[in-house]
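These are my notes from going through the coordinates with a list of things to look up. I kept the entries in the order in which I took them.

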Amino acid sequence: MINVIYVLLFCGLVNNSASDSADPDVQNNKLSKQLPLDFSELFRNVTLESFGLSANPKDLECKQDLAALLRGLSFSQIWAQKMVDSWGSIPSGLLTGNTFDLGNFDECLSVNQKISSSQKISGKYCFLIANKLKIATCFPSSCTATQIDPIVQHLAKKISNVFSSSISMKISEESCQTSESPPWDTLTIVTIAILSVMAALVTLFTFYDYFLCRDQNRMPALVKAFSARANSRSLFRIVPSKSNPNVIDCLHGIRCMSLIWVIYCHELIFFLNSPSLNSNEMFSWAITPFASFVLHGYFSVDSFFVLGGMLVCMVALRSMEKSGGKLNPLLMYLHRIIRILPVVVIAILVYMTMMTVISSGPMLKSGYHGKKYCEKGWFWTLLFVQNYAVLNVCLDHTWYLAVDMQLYILSPILLIALYKWDKKAASGIAVLVVLLSGCLFATQMVNQYSLLIQNGAEDDGVPNKKLYLATHTHAAPWLIGFLFGYFLHLNRGKKFQLSWLVVWTGWILSLAMLFTSIFALYPPLSILKESLYYTLTRIGWPLAICWIIFACMQGYGSLANSFLSTPLWQPLSRLSYSVYIWHMFVQEINMRSVRTNTYFSNYSVMERFWFDFGFTLLMSYLLYLIIEAPLCGFENVLRPRKNPPAIDQPKLIHEQKDVRISSETDCTETETNP
């Protein structure tokens, strides 16, 4: 996930803009809030000769269109007035961090006026950059930013003392947009073709299932793999709790709650990067207790690592026990890659190409913010080494897949050691947890890395890479979950009789570790205390999650178990991988296509979150039906029945499944991803 630590980094940027807006020039009204980008009056009082345009063909076309615009304004023609009316102005609230005026994007692009048989004028929306301010402008589409810049400078001088000589002002060509959509490139066409073919196949097999398959139990495997009806039935089926003694029902709730937490953290970060009326209020918000849930949202990821390590260990050891200690690592890796990689490939294509196809907006011209990183390093993501190979990951949130895959690749070594040497190997893994924690502490202390980064210009993202994206920093939670899975394997079917004192002590300690992990950095601490905090919480949080799972399994969960084990979590739990992959696509589109400035508050963020979450569920469901479920089912068609099944984490948590690996994989079963 995007490092939530960068919330404070963004605060630093906002602070700079705040100090800029508070300089003497602003206080002396040299940047008057009354900057009237009412160019209607200004255009009436200037001549084209004063703009300095040359006589070359490109300048001539721009000059002719500007002359037509002047005439249109002189005669109060609606199309010309719209072009000027869509401009922004110096925004109110500079001292509260409001640095955007988006004008009226759609009004500008709606201008499409035929002047003569050989002349047609359409609107071109661009940002006027004045230091850190971004103000909407609208000019004829025949004019480039280079041609418009002298005009802007000339017109600005007409307004007395608006701009000082220290303020740079230019039109950003990169931000310019017109109503004419650029032609699709090859990659976009390929993406649309893949999605269309898959959707057509799903539709075809769904009709076959609905009209021709009378007996659902005898449905051909290929039809079952592609049928939206069959996959939807599997996705939304509800199985009563405790229907299978080998199923840990509370994992559904833990997975879904952690997923929602991750998505909310990303929602807030996107919200903070959208045009806001009061960005500077981030400072007062960042020191509130509620902000700790976002600033320390990485604990939600640690919960997934605990589940991942636990399920790998339990499922694999049960399988090894039944097969006499045999383990096929290559088959494990192959199954994991088939289950994860195709969806990631489609995600890279969709993120890179489809944002500007399905939506538009003042800040959506370039589409996905990481497009250039994908163009340069997409293959690192497909190799699952992007967290080490590059500083800027192609799809930000796929760093988790890399860490999880790397730990999964190492898991056969640990599994074989546990099977052969039993508790001695478990002790060695516990020592490894301690050593990794010491390494994390030393890294932070020696380099003086802080979680609450205040200056993004100096660190260049290195602390984020070494403290957050590195696999060894998340190995401790995964290994703790792995050891807990070993404990559950040894004591499967056993009922622990615990006294009320032990139960209450366990719950008090676990809740204390959870809340201490979230709130211990409120207020900020010294680098020594912060290093101790970051290291110890990497152990305390996983232990607390393990206790919650253990208590719920043993019947000591009470209200917590009732909440986490409710069957209503099951559909979202099965859809969690798709939701995780696609949620940032929806969030970025909605953030970059806004037409007006937002207002930052906890309520506003929550309102936007539920809006985006709803669309994310819809998009995830549709792409699940046409991408994830068919590929999963198609793998089952190709897999020989006689071969031993591959190891996959989530088998344990799905209804009516034994801890062992089934001979047929349910397409609703996904990896344990945040």
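Entry 1, helix H25. I looked up the cover on H25 and found that 20 of its 28 residues are buried, so I note the helix as mostly covered, with under 20% relative accessible area as the cut-off for buried. The model is a predicted one. From first C-alpha to last, H25 reaches 40 Å, close to the 40 Å expected at 1.5 Å a residue. I then checked its axis and found a kink of about 35 degrees, centred on Thr 537. After the end of H25 comes Gly 555, with a positive phi near 90 degrees.

I asked which residue meets the side chain of Arg 538 in a salt bridge. The partner is Asp 302, at 3.3 Å from N to O. Arg 538 is in helix H25 (residues 527-554) and Asp 302 in helix H14 (residues 298-322), so I record a link between distant parts of the chain, 236 residues apart, with helices taken as DSSP runs. I also looked up the cover on this pair: both Arg 538 and Asp 302 are buried.

I count 8 salt bridges by the rule used here. One of them joins Glu 321 and Arg 492, at 2.6 Å from N to O. Glu 321 is in helix H14, while Arg 492 sits in the loop between helix H23 (471-490) and helix H24 (500-519), 171 residues away in the chain. Are these two buried or partly exposed? Glu 321 has a relative accessible area of 38% and is therefore partly exposed; Arg 492, at 37%, is partly exposed too.

I then took the pair Arg 339 and Glu 628, whose closest N and O atoms are 3.9 Å apart. The cut-off for a salt bridge is within 4 Å, so the pair counts. Arg 339 lies in helix H15 (residues 329-353) and Glu 628 in helix H28 (residues 602-638), so this bridge ties together parts 289 residues apart in sequence. I find both Arg 339 and Glu 628 buried.

I looked for positive phi values in residues other than glycine. Ser 76 has one, near 55 degrees, and lies in the loop between helix H4 (57-74) and helix H5 (78-85). Its relative accessible area is 40%, so I note Ser 76 as partly exposed. Phe 384 has a positive phi near 60 degrees. I place Phe 384 in the loop between helix H17 (371-382) and helix H18 (386-389). Phe 384 is buried because its relative accessible area is 5%.

I looked up nonpolar side chains on the surface and found a patch of Phe 207, Tyr 208, Tyr 210, Phe 211 and Leu 212, with about 570 Å² of accessible area together. Within it, I checked Phe 211, which is in helix H8 (residues 186-212). Its relative accessibility is 46%, so Phe 211 counts as partly exposed.

I count 28 helices and 5 strands in the protein. Of the 674 residues, 57% are buried. The accessible surface is about 29,000 Å², and carbon and sulfur atoms hold 63% of that. Among contacts with a separation of 6 or more, residues 24 or more positions apart account for 79%.

Key
Residues are numbered from 1 along each chain as its sequence is written. This is a predicted model: local features need pLDDT of at least 70, side-chain atom pairs count only at pLDDT 80 or more; totals for chains, interfaces and linings use all residues. Side-chain values use heavy atoms; hydrogens and water are left out. Helices (H or I, at least four residues) and strands (E, at least two) are DSSP runs, numbered from the N terminus. Buried means under 20% relative accessible area, exposed over 50%, partly exposed in between (1.4 Å probe, protein chains only). Patches are made of residues with over 30% relative accessible area and no salt bridge: like charges are joined within 9 Å, nonpolar side chains (Val, Leu, Ile, Met, Phe, Trp, Tyr) within 5 Å. Accessible areas come from the Shrake-Rupley method with a 1.4 Å probe; for residues, only the protein chains shown count as cover. The expected span of a helix is 1.5 Å times one less than its number of residues. The bend at a residue is the angle between axes fitted to the seven residues ending there and the seven starting there. Contact means heavy atoms within 4.5 Å.
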